[in-house]
Amino acid sequence: MAAHPLAGKPAPRELLVNVPRLITSYYVEPPDPRDPEQSVAFGTSGHRGSSLRHSFNEAHILAMSQAVCDYRREAGIDGPLFLGSDTHALSEPALCSVIEVLAANAVVTRVQPRGSYTATPVLSHAILGHNRGRTRGLADGIVLTPSHNPPEDGGFKYNPPHGGPADTDITGAVQARANALLTDATGLKRVPFQRARRSDCISEFDFTTPYVASLAEVIDMDAVRDAGLQLAADPMGGASLELWQPIVDRYGLSIDVVNREVDPTFSFMTLDHDGKIRMDCSSRAAMQRLIALKDGYDVAFGNDTDSDRHGIVTPAAGLLNPNHFLAVLAWYLFQNRPGWRADAELGKTLVSSSMLDRVGRELGRRVWEVPVGFKWFVPGLLDGSVGLAGEESAGASFLRRDGTVWTTDKDGVIADLAAAEIRARSGRDPGELYQTLTERFGSPCYERRDVVATPDEKRRLAALSADNVSAVTLAGEPITQKLSEAPGNGKAIGGLKVVSENGWFAARPSGTENVYKIYAESFLGADHLNRIFEEAEALVGRVLKG
């Protein structure tokens with residue numbers, strides 16, 4: 001797919017979102033519940049949409065909040081609910097709407113002091129911290145974020161007491177109840193915001209201090225400090241801005257925060273590959289400003305707006321491909337965490353690089369391959385059976401140094417600091433270490449292509465199975481696997497993966513956008529990768545034509 005001519009360049013003024021119009025639409029333009037595009041739909045990372053598309057409006061937030069309250073009652077969850085939000089423009093009014101419903105339902109709620117933002121991993125950490133030491137009541141949480149999505153978008157995620165993304169049994173129930181409330185609001189409880197904010201059940205909570213104080217339990221902060229590294233952090237206008245100064249103050253690190261601006265239009269961003277503003281820390285186009293600083297720092301890193309993703313920039317590699325950094329992270333952590341279980345596994349989603357499989361085999365670690373969605377890693381992170389869990393889209397979390405759970409949601413901040421630890425303890429930056437891995441295991445070519453698709457086409461693509469593949473070879477190699485279920489947990493992948501010795505492709509619909517995605521990888525070079533794509537696209541084309 002050809003890059004947009006403005007990719008990697010500063011955003012022109014005419015592309016900036018009209019924030020007053022966005023907020024006005026949130027309040028005055030109700031959705032049509034009969035239109036599937038305007039209903040509540042939980043993908044792999046909660047419900048996302050925009051008030052300008054009638055898919056993230058006040059009615060949606062009120063309905064989803066009440067649905068969560070109803071679910072909590074039915075599930076017997078009676079502890080505090082931790083509530084957070086990122087820096088997207090729609091997160092602020094959504095936060096107020098959620099508080100109105102939680103107060104009306106007498107849900108004990110913990111929220112950051114007014115004006116502060118909450119990173120997704122910090123919220124997960126808070127839930128687990130409460131539930132680990134609780135005397136009464138299980139905690140859960142809501143975080144308002146569309147992750148790295150464009151400025152006009154909003155998002156709503158629910159994390160149950162295990163601290164990670166809710167599984168489909170929970171999101172299905174919440175989604176169904178919310179959509180019913182969009183049609184008939186009987187049963188929706190709400191009080192005016194000022195009254196809600198004064199309610200005894202709503203109180204401020206310091207999310208930051210416990211998280212920062214615990215970081216030495218997951219990262220060798222002494223090694224990072226003693227190495228005297230020069231580090232740079234770009235919050236990309238997001239919630240990690242709240243964290244870096246407290247980290248510097250507590251651990252004595254040298255971290256330059258190269259962008260302290262919070263701007264709901266995100267006008268400081270360079271445009272993504274498709275010409276949109278997107279706070280994607282894994283995108284070279286979106287990360288151009290930090291990449292330009294690479295030679296001035298030992299390691300630099302960026303995070304998306306809710307800080308659950310990481311982008312690692314080094315002098316040797318510029319912006320490291322997320323798959324490359326995951327391979328380095330696995331190689332390093334499994335050899336430098338003696339407190340982890342000897343049988344702790346390496347978790348990967350089925351569209352992540354096969355370099356992880358080769359690293360896992362060399363280390364004698366089982367690779368646990370699951371469908372797309374971080375929720376699948378939650379049980380393994382909770383019980384310590386998964387040491388590191390990672391996604392190709394730059395999301396990862398891993399255990400504390402003693403082998404116990406840190407977070408059960410993605411944590412871009414510990415990934416950033418792990419890159420610094422790797423540099424401090426090995427004397428080489430992660431980009432250099434990845435090159436040593438390619439010398440040992442081969443150098444893969446990896447790519448993802450997105451294609452516009454209708455909801456009906458996405459449904460047909462999700463139903464793909466091994467029966468749809470009559471071929472016995474893939475780009476000239478014998479096919480070794482045809483997967484419609486993930487080998488790690490036997491769960492449906494919502495699409496198809498076809499594997500040969502030196503290549504593979506996976507095709508699946510997006511959970512949040514009207515596109516389908518084809519991922520492919522080859523260890524035999526770019527020409528072989530293109531052949532894989534040609535065969536994959538032909539197969540998908542036949543399915544969509546019926």
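I began with the second largest cavity: its lining is Q112, Y117, T118, A119, V122, F207, T208, E242 and L243. For the record, a cavity is a set of points, on a 1 Å grid over the protein atoms alone, where a 1.4 Å probe fits but cannot get out; lining residues have an atom within 4 Å of a point.

**Ground rules.** I am working on a predicted model, where local features need pLDDT of at least 70, side-chain atom pairs count only at pLDDT 80 or more, and totals for chains, interfaces and linings use all residues. Numbering runs from 1 along each chain as its sequence is written, and side-chain values use heavy atoms, with hydrogens and water left out.

**Cavities.** I searched the whole structure and got two cavities of 30 Å³ or more. Volume here is the space filled by probe spheres set on the points, which are joined across faces, edges and corners. The second largest cavity holds about 30 Å³. Its lining splits into five nonpolar, three polar and one charged residue. I count Ala, Val, Leu, Ile, Met, Phe, Trp, Tyr, Cys and Pro as nonpolar, Asp, Glu, Lys and Arg as charged, and the others, Gly among them, as polar.

The largest cavity holds about 130 Å³. I found 17 lining residues, with L95, V111, Q112, G115 and S116 nearest its centre. Which element gives the largest share of this lining? Helix 3 does, with four residues. Strand 3 (81-85), helix 3 (91-104) and helix 6 (193-197) each supply at least two. Helices (H or I, at least four residues) and strands (E, at least two) are DSSP runs, numbered from the N terminus. By class, I noted eight nonpolar, six polar and three charged residues.

**Second largest pocket.** A pocket is an open set with protein on both sides within 12 Å along at least five of seven lines. I read about 290 Å³ for this one. Of its 18 lining residues, S354, D357, R361, Q481 and V499 are the closest to the centre. Elements giving two or more residues include helix 12 (355-363) and strand 19 (477-485). The lining has six nonpolar, five polar and seven charged residues.

**Cores.** I define a nonpolar core as buried Ala, Val, Leu, Ile, Met, Phe, Trp, Tyr and Cys residues joined through side-chain atoms within 4.5 Å; buried means under 20% relative accessible area with a 1.4 Å probe, protein chains only. The largest has 75 residues, and Y211, L215, W244, I247, L388 and F398 have the most contacts inside it. Helix 11 (residues 322-333) gives the largest share, nine residues. Apart from this core lies another, of 45 residues, including I61 and V101.

Note on methods:
Buried means under 20% relative accessible area, exposed over 50%, partly exposed in between (1.4 Å probe, protein chains only).
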